[in-house]
Amino acid sequence: MKLVFFELNKVLNKKVFYIFIVLCLLINSFLLYSTQNVEDNRTRLDYSGEYIDALNKYSKLSFKDAQKAIANDTLAYSIATTINLLPQLDSKDEIEYYTSELEEYKVSNPAAYKKALEISENQRDDMHGYQLVNKISTQIDYIKSYPEFIGDMHSRADDQSKLAGFSDINSFSYKNLYKTADDYAHLKNTEISLLNAEPVTAAIDFKVTDIIIIAVVFLVCIYLFNFERDKSLYFLVKCTSKGRLSTIIAKLIALFITVLIAVLIFDGSNFALSSIIYGSTDLSASIQSIPEFRNCAFSLNILEFELIFVLFKIVAALVTASFIAFVFIAFSSPFLMYAVGVGTLGAEYMLYSFINSGSTLDLIKYINIFYIFDGGEFIGHYLNLDLFSNAVTANAFVTIFFAVCFAAFLCAACVQFCVRIQQKKAGLLSKSFEKIKTKFCKIKGSTSVFIGELFKFLIQNKMAVIFILLAVYAVYSSIGVVRYPFIEPSDYQYKVYMEYLSGDITPEKEKYIADEQKYLDSLERKIGKIYADDSLTDNAKQAMARSVQNIIDGKQDAYERVLEEYDRLKSLKKQGVEARFIDGNVYSVFVSSDVREWNNFITFCLFIIIVIPCIFTVEYKNKMINLIRPTKKGKLRLFWSKILISFIATFYVFASVCLPYIIRFIGTYGTDSFKTPLVCLYSNLPASQTLTVIDAFILNQTIYFCLALLVMCVTIAFSIVAKNNLYVMIICTVMLAAPSLACYSVETVRIGYLMVNNNVSALVLTAIISVLTITTTLFMSEKKFTNSLIRRKYAYS
Amino acid sequence: MKNKIKFTVIFILCICLLYGCSSNSNIDYSDTYVAGQDSQENFINYYNEYYYASSGDNYYFVRNGFLYAIDKETRECYPLCNKSDCLHDREDSYELRKECKAYLNSTDDQVVYNDGFLYYCIDDEEYDKDGNHHMLERMCRLSVDGTKREIIYTTEDYTICNFRVHRGYLYMEAAKFAADEEDPNGEKSASLDKAELLRVASDGQDKAEVFLPYNEYRKKYKYFDIRETKFYGNHLFLRINYSKKGKSKSTIFNVDLETKELKDIGDNLPLAYDARLTIFNDKLVFNGDGTKIYECDFNGENLKEVLDGSKIVKEYNRFAPYSNDGKNLFISVYYVNPKNGYEFKLSKKLISCNKKYEYTVHEMPIKYRAEIGFDKDFFIFQKDKDEKTPLYLINKSDFKSKLIYKFP
């Protein structure tokens, strides 16, 4: 017991740990709120109180009365919409039509009409009530349909099993049909209530918390397994009076306790925050009252469901913790720990996210730790797996599978800890690398601080390998073409038009446009002539006309688009803009692409996080820090040499990731359209906007480079504070990964998007914040690095 | 060291053996219809997009993105989904519809059956590494129990109009977005309908090839329009309409599937314009101008008149041999306005003939115009699929209809 306490203390006495937890809690809460605060959900958020009042009002009525009341209110809103529409109409016929419709309502449903007048007065601008009432109406329809859904389960099974292929009693399909019906049978008399569902669904559907919990697991494993190895204290730690086994068990218990507390804190905060955002809900209602959980086969109320949800999160976190602990014990190299741990979890995540259910690989999708993390699916959606033609309940099977994995990882971790020496060994390529290093990369005599740091970074920390791989990747990615984005059928003809028209507006191009209009008009006349030609049979007329019509159909949309652009360019020319034709499909993606920007951002940030920490942390680890700092020209010079190397490394990574695209783009489309003003491409930009396409691209890349430098500086700051390579990599990965995953589908969080929507203030703010943060972190890092003494107590902290 | 070499050799041998095995090793290449491996369109009418596929036990068809199966024994029709906690086509929520095993999200209602799989086409989209958005067409296949799906072929450059699976290959009639190619008018066309016939292995293991460049034939056959595509044995028969000197004509191409040699066999055949074609008793059977029905060999020789519809049913002038079940030929009966060639008057009459062309006239429970699927036991009929009218099964033994499914 005492050992457990001491191991726990190794984690809990770290201030950085608490700072990390608090920071992650803030990020988690911010992201949860941000993902709810989107355009589609704005009404629900802004009028949350009104929605709950409406729910309470309808809940007090009997089901039939509630249905009548909602139907009446829906009608009232529909009438109010018509009343609000009338002043905006121009056409006399329309006004007469809608007025007579309103008169009819006045007579047939005076109560609804009266209410509509009130609504029209109060909600002239946004009619938010309509959306809320519609939402409640959908819920009421669901409540009405649920008993039939459950009651007809067996008859649906009987019906489907009549099909050949489903009727074989030894087949998975037959077993699945009847097992499903049997497993739902106990829900026959479940009472469904009208309630506020969002406080539950918002918390359950939020996935970013899982990434944070995995990061906490990594962090705790660093404290428990990695620190002692780095300080060569394992020999001491393993010589305990009760033997190594008790030590490793104590460590694992400490790990599990910490992870359990972290899960409770984070998931608890999610439920609390979503209740604050959306209001409370009736926790005693059955979980099936929430339409999203119609297919939950458990007889649980909402509170029980939430508790089981958290329980399975704990299970998933404990299994993950046992796996990571095993990785940390089995491998001595931090790089391998990171690669295997993050790589395996990353692969599991990709398999779970991207395999479609019903594909040949769906067993891999569901026998997956992220399926358990996804509690809403795991407990909230009934599923049977096809195991050798047997229908096996997915959540039971997966739980047992991972329980076995948990036990296996625990045993393996204990055995490895007890048996292995746990000393850092030379890696696979170390001997070869040492030979190359000795032959080609030697520093003879004295050298400058910068060259010395460069040598340490590239050769001693083996970053040259990553840089060579990056160079190979960059060269490989630079080969090939940028594919044309064909989305509409008319894009093919549009591409043909633009291949000729792109560039300055010349008299020849204007003539081409005019001729094309005449050509299309002549085709229409041609169809007329074909039908008027009596020498042709009717079938011949149809065939010829269809052929001509195909041409018109193929070209018309593209031509209209070109014409629209031409008219806009003419008007821009009058305003003094150097208007030019430009292929909108190609260059709109060149200037702003949410997918490419996100991918590039994540890639170069991940590389920065892997590469930068070793510049500052290595000397802390090998205790050379006090030796290297008293250089001839002082600590400041050393610091700035390291910063310069960091900058060069960041620039190299950024260029390797981002440059290949521009090389391929220029190879495919050339540079002729680069000097086209951006206003020619985006109709929403004011004519006063003077940026060209290439200016916009360079600005975009510059801001992203500032963000890369920001990531670099924050990583450096963490490195100097944490003094541990792996620690910094894990913390920075989760601080990058969590918000990035949350922003993946939010296209407005992109520099390109801000640029093309002329959101200058956001761009300037981003740049200013980046520069300020870079300056501040560099200043603080410099102070910390140059001023602090490395006391002996560091060796034992 | 020795063990390492041993294991490496065994591993390489295993790879070679696996590579040597191909899905075409069990194909019967007889020059006749072989059930299970051959394309079924000769027996199930695909005209006007009423597609049905037939396996040993079920018929299959697609409506509004959902795959349905009709059990041949019980004559029950249901969406092909093995989940009883699913409302299938009656789900309101799009998310729940997507989770239904019967939901294909196919581009149209085409489905074909071959060797235990159902083939269909979907629209999809993807972003490439440069962030460019691409709309794609994918050919997919689904196991007949509805559980396993896989993608066979993906294209961005074509729109797949029709497809068949025959003897280990998936054939796709594709419209090509080849901007600026010339059409027979000498006009530059942005896109070409039915530009090429593509072919890919039915398990998707090989790259697709252009099997027939349809667009090349447009140079000789003006306003070339493929009306029917029928695979039979080692042949592909194409019934095409084209224009010659202002007159519309029809002809039949016979394509050898092995050599890809194409022969126009319709020159000396009395084909009616937009005639119907079927392959019955290893002969081509088609209707000529007027009311006569003919048969000939696959090379267009040994032409013989087999029936004169006007002697069987007097008040109608069109007799279209649109399909057969291997034992009986089916001829639909209707009236076409001879002045314009496209006004129709439907009838309930159906003529069936055995291999000796001994005929029987049946009365169908509904008026129809060859838009009817079939099987040796049943006809399948839906009056207007766009209006979600009910689906009927018509029993061939008594020509009585049974309502088998009402669409939501």
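I started with a distance: the centres of domain 2 of chain A and domain 3 of chain A, taken over C-alpha atoms, are 32 Å apart. A reminder to myself that this is a predicted model.

Next I looked up where those domains run. In the domain assignment of chain A, domain 1 covers 41–168, domain 2 covers 195–419, domain 3 is written as 430–483 + 585–796, and domain 4 covers 503–581.

Then I turned to the contact between domains 2 and 3 of chain A. I found 14 residues of domain 2 in contact with 15 residues of domain 3. On the domain 2 side, helix H12 (208–230) and helix H16 (334–354) of chain A each supply at least two residues. H12(A) gives the most to that side, with nine residues. By class, I noted eleven nonpolar, one polar and two charged residues on the side of domain 2 that touches domain 3.

On to the two chains. How many residues does each chain bring to the contact? Chain B brings 54 residues and chain A brings 53.

I also checked which elements of chain B take part. Strands E3 (66–71), E7 (133–143), E8 (149–155), E15 (222–232), E16 (235–244) and E17 (247–256) of chain B each give two or more residues to the side that touches chain A. The largest share of that side comes from E7(B), with three residues.

Last entry for today: the side of chain B that touches chain A has 22 charged, 18 polar and 14 nonpolar residues.

Terms used:
Residues numbered from 1 in each chain as written. Chains lettered and ligands numbered in written order. Predicted model: local features only at pLDDT ≥ 70, side-chain atom pairs only at ≥ 80, totals over all residues. Domains from an automatic or database assignment. Contact = placed C-beta atoms within 7 Å. Helix = DSSP H or I, 4+ residues; strand = E, 2+ residues; numbered from the N terminus. Nonpolar A, V, L, I, M, F, W, Y, C, P; charged D, E, K, R; others polar.
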